[in-house]
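Thank you all for coming.

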2 protein chains.
Amino acid sequence: MSVPYNTLKLVHLGIDTQKEHVVFIRKDCYICKSEGFEALNRVLITVKGKSLIATLYIITDGILKPGKAGISESAWYNLNAKDDDEISFSHVQPVISMRSIRAKMYGKKLNYEAFQNIIDDIVKGQYSNIEIAAFITACGGDNLSIHEIIGLTKAMVNSGKKLSWRKKIVVDKHCVGGLPGNRTTPIVVAIIAEFGLTIPKTSSRAITSPAGTADTLETMTEVNLSIKEIQKVVEKQNGCFVWGGSIKLSPADDILIRVERALDVDGEGQMIASVLSKKSAAGSTHVVIDIPIGKTAKVRTEEDAEKLKYYFNVVGKAIGIEVKVLFTDGSQPIGRGIGPSLEAMDVLSVLRNEKNAPQDLRNKALYLAANIIDLVHSKPHENGLDIAEKILSSGQAYEKFMAICKAQGGFKEPEYAIYKMEIHAEKSGIVIEIDNRKLAKIAKLAGAPHDRKAGVFLQTPLNTKVNKGDLLFCIYAETEGELKYAIEYMKSEPDIILIESVS
Amino acid sequence: MSVPYNTLKLVHLGIDTQKEHVVFIRKDCYICKSEGFEALNRVLITVKGKSLIATLYIITDGILKPGKAGISESAWYNLNAKDDDEISFSHVQPVISMRSIRAKMYGKKLNYEAFQNIIDDIVKGQYSNIEIAAFITACGGDNLSIHEIIGLTKAMVNSGKKLSWRKKIVVDKHCVGGLPGNRTTPIVVAIIAEFGLTIPKTSSRAITSPAGTADTLETMTEVNLSIKEIQKVVEKQNGCFVWGGSIKLSPADDILIRVERALDVDGEGQMIASVLSKKSAAGSTHVVIDIPIGKTAKVRTEEDAEKLKYYFNVVGKAIGIEVKVLFTDGSQPIGRGIGPSLEAMDVLSVLRNEKNAPQDLRNKALYLAANIIDLVHSKPHENGLDIAEKILSSGQAYEKFMAICKAQGGFKEPEYAIYKMEIHAEKSGIVIEIDNRKLAKIAKLAGAPHDRKAGVFLQTPLNTKVNKGDLLFCIYAETEGELKYAIEYMKSEPDIILIESVS
């Protein structure tokens with residue numbers, strides 16, 4: 001049905017439209033005239049035999065010469081485009097799976113096949129951001145039944161690659177977001193792998209935060225591994241900690257999350273499907289889910305947490321995963337570092353059993369590891385927490401951590417950035433409030449996560465007693481300009497760390 | 001709460017992002033680093049004291065020099081920007097009215113105030129396209145109660161300007177879309193104005209079609225009038241036919257329609273609110289709504305039409321408008337011309353009572369005019385249709401049409417484009433099918449609506465008996481290239497006009 005009706009030559013514009021495929025053409029070219037200007041039109045573009053659907057943006061000034069077209073970075077990368085490649089245009093028929101979304105708007109229940117068609121189209125890049133937003137909204141809130149959540153989860157699993165393992169039991173852990181500096185993953189993986197269970201852990205990079213787990217790990221080892229390399233590492237060491245983005249498990253998830261975040265919506269069903277589809281695709285059989293509950297965490301009340309727990313258990317069972325849900329304290333951040341290298345230092349000081357290691361991080365990692373062990377280890381006279389504690393305290397966990405790093409390509413020590421600013425207490429008293437969002441913003445302005453060594457190192461957690469002049473936190477940056485910039489912002493925001501005088 | 005944290009200099013890139021405000025900055029500048037790259041981030045941009053929220057796109061190649069930033073055409077126009085203007089950036093807090101949309105996703109009912117906040121934010125440009133998509137989806141389908149539709153309609157009316165008239169009765173008509181070439185408006189306005197009723201008609205331009213009513217009228221007179229000018233014309237002539245876009249009645253409507261069209265969704269509640277808010281803002285007291293019912297029309301069954309009729313009546317009453325809903329035949333297009341000038345010729349031939357005037361257009365215009373007259377004219381022994389017929393046949397409607405044109409700035413005769421291609425029947429028989437979408441596409445490829453004289457003129461409506469070699473339709477274009485291009489497409493699509501041999 002689609003007829004190519006024009007050809008232009010590509011030129012690289014270098015416009016990153018944040019994953020939305022966009023094609024830029026001149027106002028005076030035929031495609032414009034035939035498609036209309038103001039309808040958010042989508043066209044099928046083809047370069048060297050490969051096609052995708054792109055949104056049409058019009059160039060009215062001189063940045064495109066006659067006969068030329070540009071495409072966004074996402075499309076450029078996807079089509080493996082080069083300057084002067086021919087690009088042709090076809091009219092695009094409405095995406096058929098959008099019909100299910102319209103049906104959902106009218107309150108119809110969607111079955112597995114409907115979800116599979118939608119998710120496949122999303123992964124293929126057939127949906128524009130506004131169409132994805134419509135999908136998220138139609139299935140948002142509590143609009144999905146438990147059967148629909150199961151259908152969506154299965155569809156997401158089947159849209160990408162799957163890992164398989166020779167072991168009967170494959171474990172994993174997941175934290176339902178919302179806590180800065182919560183870097184338990186490397187510690188938990190080391191303990192569990194040392195204990196002898198298979199734990200092929202994949203993590204994400206930061207999207208809006210100053211560091212993701214993958215960013216943190218990357219300051220110490222290689223995290224960008226192929227599926228083959230991952231399988232080698234896990235066969236040898238029982239566990240790994242790699243970036244999930246390089247292997248395409250549940251690829252729809254990243255696309256949906258980006259739009260969910262922009263809309264600031266996080267429907268229950270989609271969250272369950274997001275977490276469990278990644279675990280299923282990774283081949284997990286037993287998963288511990290950590291739900292921190294707190295005022296500034298994602299889940300705010302025990303009631304909400306109970307509902308999620310129910311969904312995790314039922315959907316997990318339907319797709320063959322045994323899930324154990326833990327409720328934890330989400331009232332304050334965990335660890336002291338904010339930024340990839342600084343968080344890595346926290347992790348290492350726990351693994352090395354250093355005196356001043358952050359105890360909150362240590363305890364949380366032990367708690368999670370213990371629960372994983374208890375979930376699969378059915379020896380009643382042995383206690384998961386004792387086992388985990390012994391593995392960590394003895395230095396075995398540290399050795400396992402180093403062994404995994406070596407298997408992934410080697411270990412390197414994380415470093416401090418060279419530019420540094422110390423912030424001292426202006427009065428004596430007790431730390432009664434810490435604005436985590438503002439500390440995170442300072443870390444980002446200082447360069448994190450892009451500059452791995454940049455960030456904020458907090459010396460005084462909640463309830464610390466400080467004297468006037470004591471060090472509260474340090475800002476680290478890799479350039480003088482960024483340090484200055486972070487300081488400028490900090491000075492404009494009073495009471496990032498609130499100290500109450502003791503009378 | 002928002003702190004400006006950087007300043008760059010503007011450069012004009014001329015990128016038309018189809019109304020979405022976008023700001024383009026270099027990957028290596030601070031704003032990028034602090035906001036994160038992949039979160040569809042929005043920032044508050046300020047130029048010469050005026051601010052708006054824009055989506056952040058990143059430039060990785062050389063089209064921006066260090067220290068420079070670009071903005072999309074919509075933002076450039078909105079901020080009255082010039083090259084080298086300073087642009088500053090602030091962090092933007094989430095738009096508060098989005099909370100109501102999230103509540104709606106959870107099934108809560110929204111009151112008038114909630115809708116007013118949402119609509120005001122949309123008109124102010126605070127919503128990105130994906131946020132608008134979320135609003136449309138959450139309120140789409142049959143998700144709005146009658147009270148919510150009334151709230152939304154009132155909010156839309158109050159978001160823009162309102163016209164007021166000294167007359168007690170102000171009439172209008174509206175067609176619930178879906179039929180090409182349906183240019184009854186100029187004829188109806190002329191009849192009604194001549195009859196003595198006040199009919200201040202505003203119309204829209206084409207978005208995806210080859211011509212809107214405003215485009216058609218523009219080939220004969222000036223349609224871009226200010227509110228003051230409109231009031232002058234109507235005071236003198238009882239009626240007008242102007243472009244609605246130049247006066248800001250229900251400004252949210254155009255923004256919503258653009259995204260609805262891209263999603264191909266058209267929720268009942270939003271449609272009612274869209275139509276009636278425009279009428280209320282225009283000061284109408286009595287409105288005739290034409291709902292064409294047919295396979296390729298917007299409304300496909302009488303059942304759907306009945307539901308809309310109920311909504312139109314109840315919501316109309318709530319905002320002080322008496323509505324009369326008509327069901328008409330939506331099975332085939334009306335008139336012969338497709339494209340602004342060619343449609344104008346149809347209108348003129350009806351007004352001039354020419355022998356070969358398209359009778360379907362004449363009859364439909366008379367029917368609508370008659371219903372408007374009957375709605376407000378309570379003399380039982382007089383019949384609206386007789387009155388309308390008399391005004392049209394006598395040439396009074398034509399005279400009134402010319403008088404309104406003169407009042408709006410003068411009349412000019414629509415013209416044919418100079419390049420022309422005739423398409424003849426390849427066999428004898430009866431026309432049993434016309435592919436209206438493809439004819440519309442040919443008209444657009446030939447240059448319509450941008451080239452006013454371009455388009456398609458159909459000679460043989462459904463059921464016409466044709467002989468081999470008879471003229472089926474003409475393609476008109478203002479340039480040779482466009483004509484060639486339209487012909488190329490036409491040749492690739494067989495059976496645009498399907499002829500069945502008579503045996």
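Chain A and chain B bury about 6400 Å² between them, with 58% of that on carbon and sulfur atoms, where buried area is the accessible area (1.4 Å probe) that two parts lose on being put together, summed over both. Please bear in mind that this is a predicted model, in which local features need pLDDT of at least 70, side-chain atom pairs count only at pLDDT 80 or more, and totals for chains, interfaces and linings use all residues. Residues are numbered from 1 along each chain as written, chains are lettered from A and ligands numbered from 1 in the order written, and side-chain values use heavy atoms, leaving out hydrogens and water.

In this interface, 66 residues of chain A are in contact with 65 residues of chain B, contact meaning heavy atoms within 4.5 Å. Salt bridges, defined as a side-chain nitrogen of Lys or Arg within 4 Å of a carboxyl oxygen of Asp or Glu, number 0 between chain A and chain B.

How is chain A laid on chain B? A turn of 180° with a shift of 0.0 Å along the axis does it, at an RMSD of 0.1 Å, after least-squares superposition on the C-alpha atoms of residues with pLDDT of at least 70 in both copies. That is the relation of a two-fold axis. The same surface serves both copies, in that 98% of the contact residues of chain A recur in chain B. Among the residues of chain A, Ile130(A) comes closest to the rotation axis, with its C-alpha at 2.3 Å.
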